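Welcome! Here is a short tour of one protein model, topic by topic. Have a look at the structure first, then read on.

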Amino acid sequence: MTLLITQGRFEGIFQLVVVLIIFVVVLILTYYTTKWIAGYQKKQGNGKNFRIIETAKIAANKYLEIVETGKDHYFVIAVGKDEVTFIGELPKEDVILEEESPAQNGFMAKASTSSRFSELLSSFKKRK
């Protein structure tokens, strides 16, 4: 009787360990699959003639974006849930381009992007 109880206990622990190992393997597979899909979509989204320079959220589902088309044309557009509105063209000298660096991420990157966009928007308003 004691041997039967001990054997059942070890079998239960073994099943628990196997389930935990399977769970960890599924988590690892999910992580790498998500990274692979994100990289694939990023490559698909990178065109040669269009690039979004900056985006600023102005309300729920409403954004202002600076879009580069070609090499020297920059446009400000408003993007809503169901519409895209052309606001105006920016001269190349008014656009501040910065390459993303790994050190610039998180809160500080968002704060600096927001301030740069505000500067560009105010210079655009002055021109009109």
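Strands β3 (residues 73-79) and β4 (residues 84-90) run antiparallel and are joined by six bridges. The model is a predicted one, so local features need pLDDT of at least 70 and side-chain atom pairs count only at pLDDT 80 or more, while totals for chains, interfaces and linings use all residues. Residues are numbered from 1 along each chain as its sequence is written, and side-chain values use heavy atoms, with hydrogens and water left out.

**Strands and hairpins**
- Strands (E, at least two residues) and helices (H or I, at least four) are DSSP runs, numbered from the N terminus, and two strands pair if DSSP finds at least two bridges between them.
- β3 and β4 form a hairpin with four residues between them, and Ala78 has Thr85 in β4 as its bridge partner.
- Strand β1 (residues 50-59) is joined to strand β2 (residues 62-69) by eight bridges, and the two run antiparallel.
- The β1 and β2 hairpin has two residues between its strands, and Asn61 in the turn has a positive phi of about 60°.
- Ala56 stands opposite Leu64 in β2.

**Salt bridges**
- The structure holds two salt bridges (a side-chain nitrogen of Lys or Arg within 4 Å of a carboxyl oxygen of Asp or Glu).
- One of them pairs Glu68 with Arg51, whose closest N and O atoms are 2.9 Å apart.
- Glu68 lies in strand β2 and Arg51 in strand β1, so this pair ties together parts that are 17 residues apart in sequence.

**The cavity**
- A search of the whole structure finds one cavity of 30 Å³ or more (on a 1 Å grid over the protein atoms alone, a set of points where a 1.4 Å probe fits but cannot get out).
- The largest cavity has a volume of about 30 Å³, counted as the space filled by probe spheres set on the points, which are joined across faces, edges and corners.
- Its lining residues (an atom within 4 Å of a point) are Ile66, Val76, Leu90, Phe117, Leu120, Leu121 and Phe124.
- Helix α2 (residues 106-127) gives the most to this lining, with four residues.

Notes:
On a 1 Å grid over the protein atoms alone, a cavity is a set of points where a 1.4 Å probe fits but cannot get out, and a pocket is an open set with protein on both sides within 12 Å along at least five of seven lines; lining residues have an atom within 4 Å of a point.
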